[in-house]
Amino acid sequence: MIELIVLDVDGTLTDGKITYTNNGDEVKSFDVSDGLAIAVWTKKFGKKAAIITGRKSSLVEKRANELGIKHLYQGVDNKDEVLENILKKEDISWHQVAAIGDDLNDYKMLKKAGLSFTPQNGSKYIKDIVNVVCKNSGGDGAVREMMEYIFKEDGLEEEFLSLWQ
């Protein structure tokens, strides 16, 4: 059973594009369907979630807070090491982790996770090692697809659906 989901940001929760305004402000777009499934995971099911990303953005902090994500690590070079520390802190083993990432900086944590995913637009090298290549692209429902897969595998699908029936 999965106890912790681990999310990359650029290319996974977003489409991977970095947009700046004329004022130098960064713009990111997040898929609302991804957010709904993550919020159910954290707020309704009381499960744990982490964002581990190589870049830093106040927008990511805002999104993590909205979704009830307690573990937020930005500007990370070694995601595998950060995740190892989260697992120790939460007393969770690797086989209880589901992770999604799209590029080589996600490689080690995806290789170790009990269940691993990449969006359709993920790197070929990542597609070769994950358990599931999503049909959807990053920023366009790939995380929602991952969450629905986990809900089904862990016997939570009916409970997820019953929230709206």
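Helix H2 is followed by Gly68, a residue with a positive phi, near 75°. The model is a predicted one, so to speak of its limits: local features need pLDDT of at least 70 and side-chain atom pairs pLDDT 80 or more, while totals for chains, interfaces and linings use all residues. Residues are numbered from 1 along each chain as its sequence is written, and side-chain values use heavy atoms, with hydrogens and water left out. Helices (H or I, at least four residues) and strands (E, at least two) are DSSP runs, numbered from the N terminus.

Helix H2 spans residues 58-67, and Val60, Arg63, Ala64 and Leu67 are its buried residues; buried here means under 20% relative accessible area, exposed over 50%, and partly exposed in between, with a 1.4 Å probe and protein chains only. Looking down the axis of H2, these buried residues fall within an arc of 100°, so they line one face of the helix; the arc is taken over the directions from the helix axis to the C-beta atoms. Ser58, Lys62 and Asn65 are exposed, on the other side of H2. The cover over the buried residues of H2 includes helix H1 (32-44), strand S4 (48-52) and strand S5 (71-73), with contact meaning heavy atoms within 4.5 Å.

The N-terminal end of H2 is capped by Ser57, which places a side-chain oxygen 3.1 Å from the backbone nitrogen of Leu59. Polar contacts of this kind are pairs of N or O atoms within 3.5 Å; within protein, one must be able to donate a hydrogen and the other to accept it, and residues adjacent in sequence count only if both atoms are side-chain atoms. Ser57 sits in the loop between S4 and H2 and counts as buried at 9% relative accessibility. Leaving aside neighbours within four places in sequence, Ser57 is in contact with Glu26, Lys28 and Gln74.

Two of those partners turn up again among the charged residues: Glu26 and Lys28 are linked with Asp10 and Arg55 in a network of salt bridges. A salt bridge is a side-chain nitrogen of Lys or Arg within 4 Å of a carboxyl oxygen of Asp or Glu, and by this rule the count comes to twelve. One of them joins Lys47 to Glu3, with the closest N and O atoms 3.5 Å apart. Lys47 lies in the loop between H1 and S4 and Glu3 in the segment before S1, so this pair ties together parts 44 residues apart in sequence. Lys47 is buried, at a relative accessible area of 14%, whereas Glu3 is partly exposed, at 26%.

Another salt bridge runs between Asp106 and Lys79, where the closest N and O atoms are 2.5 Å apart. Asp106 belongs to the loop between S6 and helix H4 (107-112) and Lys79 to helix H3 (residues 79-90), so the pair ties together parts that are 27 residues apart in sequence. Both ends are buried: Asp106 has a relative accessible area of 0%, and Lys79 comes in at 1%. Asp80 is buried, with a relative accessible area of 12%, and Lys112 is partly exposed, with 40%.

Turning to the nonpolar side, a core is a set of buried Ala, Val, Leu, Ile, Met, Phe, Trp, Tyr and Cys residues joined through side-chain atoms within 4.5 Å. The largest one has 31 residues, and Ile5, Leu7, Trp41, Phe117, Met147, Ile150 and Phe151 have the most contacts inside it. Elements giving two or more residues to this core are strand S1 (4-7), H1, S4, H2, strand S6 (97-100), strand S7 (115-118) and helix H6 (142-153). H6 supplies the largest share, six residues. Apart from this core lies another of 18 residues, including Val82, Leu83, Ile126 and Val130. Ile150, neighbours within four places in sequence aside, is in contact with Ile2, Ile5, Trp41, Ala98, Leu115 and Phe117.The structure also holds five aromatic pairs. Rings of Phe, Tyr and Trp (its six-membered ring) pair if their centres lie within 6.5 Å, with planes under 30 degrees apart counted as stacked, over 60 as edge-to-face and the rest as tilted. For Phe151 and Phe160 the ring centres are 4.5 Å apart and the planes at 35°, so the pair is tilted. Phe151 counts as buried at 1% relative accessibility, and Phe160 is buried too, with a relative accessible area of 5%. Together with Trp41, Phe45 and Trp164, these residues form one aromatic cluster.
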